[in-house]
Amino acid sequence: QDIAAQCKTLSKTSDILIHAVCGAGKTELVMETIQDRLNRKEKVAVAVARKQVALQLAQRFKDAFPQIKVIVVCEGHTQDLSGQLVITTTHQLYRFRSTFDCLILDEPDAFPYRSDPVLHGFMRQSVKGHIIYLTATPDRSLMKQVRQGKLKLLSLNKRPHGYPLAIPELIYSPFWVQVIIMKVTLLRSEKSWMIFVPSLKTGKFLGKLLGLPFVHASSEDLENLIQGFKTKRIRHLLTTTVLERGVTFSDINVAILKSDHPVFDQAVLTQIAGRA
């Protein structure tokens, strides 16, 4: 409540970085700010890296603000661009020029926004007011802006349920031993498991070997598989880093195979651990 109130006040005059641990409820932290801006008839946007996160968030905001026109702008959803609250991918921000009084940028350190100067340009030209950055893993450039006084920092290191982040257990072994351990673990466990792999090749191979559904960025049935996992219809799900952040599942365990692969850098590992 304290962070939410500070955000509402500070965002009127400053850009803000909310550095909040995975699962802290970053969306909820900006609800008061959004409500305040909408009451003032201002235009607000929430920008995210990936389409499936935009669709999921749009539904949450429609439920939270039933009296407001909430639109989602992402691949396959670009016909209507006029809403009081816009949920969009960073790619689609090029459609808006000096439009938003408040832009909430979720996970600015996520791929592809992090390393794409074009997307940074889209974001900057879409805003006429102030920006709120939300992340559990701020990169060096964001922290540098905090030190230079360009960003106000708000930190929250607790989750609403009061339980600390799970500390990962490291099992050091050859890949085939990892697969055997994973198979035995799945047979013995009654919980749902999300199993991260570093590449399409590994995911497809393990999907066939273990008989598990596999999701990646170009999966045709991505939404259906995610929904099946949410509702526990699917208990075990293989995935690339497409589900490393921005998605919420209840009561799951998480495993990472080949976790020494370069794709699993510190930020990615932190975000994956945050799914549990």
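Strand β5, residues 100-106, and strand β6 are joined by 6 bridges and run parallel. Two strands count as paired if DSSP finds at least two bridges between them. Helices and strands here are DSSP runs, helices being H or I with at least four residues and strands being E with at least two, numbered from the N terminus.

Before going on, the source. This is a predicted model, where local features need pLDDT of at least 70 and side-chain atom pairs count only at pLDDT 80 or more, while totals for chains, interfaces and linings use all residues. Residues are numbered from 1 along each chain as its sequence is written, and side-chain values use heavy atoms, with hydrogens and water left out.

Back to β5 and β6. Together with helix α5, residues 117-126, they make a right-handed β-α-β unit. Right-handed means that, with the strands pointing away from the viewer, the path from the first strand over the helix to the second runs clockwise.

What is the strand order of the open sheet with 7 strands? The order is β3-β4-β2-β5-β6-β1-β7, with parallel pairing. The edge strands are β3, at 70-73, and β7, at 152-156, each of which pairs on one side only. On average, neighbouring strands of this sheet are turned by 20° against each other, direction ignored. As a general point, strands of a sheet pair through backbone hydrogen bonds, either parallel or antiparallel.

Now strand β1, residues 16-20. With β6, residues 127-135, β1 pairs in the parallel sense over 4 bridges, and H19 stands opposite T135 of β6. With β7, β1 pairs in the parallel sense over 5 bridges; there, I16 has K152 as its bridge partner.

Helix α1, residues 2-10, lies across β1, β6 and β7 and runs at about 165° to β7. For such angles, axes are lines fitted to C-alpha atoms, for helices over the stretch in contact, and angles run from 0 to 180 degrees between N-to-C directions. Helix α1 also packs with helix α3, residues 31-39, at an angle of about 35°, the axes being 8 Å apart. A4, A5, C7 and K8 of α1 make this contact with E32, T33 and D36 of α3, where contact means heavy atoms within 4.5 Å. By class, these residues are 3 nonpolar, 1 polar and 3 charged. Nonpolar covers Ala, Val, Leu, Ile, Met, Phe, Trp, Tyr, Cys and Pro, charged covers Asp, Glu, Lys and Arg, and the others, Gly among them, are polar.

Next, the sheet of 4 strands. This open sheet has the order β9-β10-β8-β11, and its pairing is parallel. β9, at 214-215, and β11, at 252-256, each have a single partner strand, so one side of each is left without a neighbour in the sheet. Strand β8, residues 192-196, is joined to β11 by 5 parallel bridges, and F196 has I256 as its bridge partner in β11.

Helix α7 lies across β8, β10 and β11, running at about 165° to β8. Helix α7, residues 175-188, packs with helix α8, residues 200-210, at about 45°, with axes 12 Å apart. On the α7 side the contact has F175, W176, V179 and K183, and on the α8 side T202, F205, L206, L209 and L210. That contact has 7 nonpolar, 1 polar and 1 charged residues.
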